[in-house]
Amino acid sequence: MSRITYYYSSVSSNLELKKHQQKIEMILDSKKIDYDKVDIAGNDTAKAKMREIMGDPKGLPPQLTNGDVHLGGFAEFEQAVESEELEVFLKLK
């Protein structure tokens, strides 16, 4: 089974982005979902990989992947949480 990878940026002046990242981490942690946390700030290799998986050369964090499958960003994550389909969204089922 592939692992969930959570791409985020530790360096951002965007408060909204920081709140979205905190919410994703809080929910994943509270549901005891195992994931790899990858900081793309100052890591061009990780940023390139995230964007390659997304298929978007200008893609921004936060983004979630399962192996090399792009799952979505904050909006898709929040939608999955609200509709109680987080495990389906993360492809854990």
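**View 1. Helix 1 and helix 3 (residues 74-82) approach within 11 Å, axis to axis, and cross at roughly 40°.** Axes are lines fitted to C-alpha atoms, for helices over the stretch in contact, and angles run from 0 to 180 degrees between N-to-C directions. Helices (H or I, at least four residues) and strands (E, at least two) are DSSP runs, numbered from the N terminus. The model is predicted: local features need pLDDT of at least 70, side-chain atom pairs count only at pLDDT 80 or more, and totals for chains, interfaces and linings use all residues. Residues are numbered from 1 along each chain as its sequence is written, and side-chain values use heavy atoms, with hydrogens and water left out. Helix 1 and helix 3 are therefore oblique to each other (angles under 35 degrees count as roughly parallel, over 145 as roughly antiparallel, 65 to 115 as roughly perpendicular and the rest as oblique). His-20, Lys-23, Ile-24, Ile-27 and Leu-28 of helix 1 meet Phe-74, Phe-77, Glu-78 and Val-81 of helix 3; contact means heavy atoms within 4.5 Å.

**View 2. An open sheet of 4 strands has the order 2-1-3-4, with mixed pairing.** Two strands pair if DSSP finds at least two bridges between them. Strand 2 (35-39) and strand 4 (69-73) are the edge strands, each pairing on one side only. Strand 1 and strand 3 (residues 63-66) run antiparallel, joined by 4 bridges. Ile-4 stands opposite Asn-66 in strand 3. Helix 3 packs on the sheet, touching strand 3 and strand 4.

**View 3. Ser-12 sits in the loop between strand 1 (4-8) and helix 1 (15-30).** A polar atom of the Ser-12 side chain lies 3.0 Å from the backbone nitrogen of Asn-14.

Definitions and conventions
A polar contact is a pair of N or O atoms within 3.5 Å; within protein, one must be able to donate a hydrogen and the other to accept it, and residues adjacent in sequence count only if both atoms are side-chain atoms.
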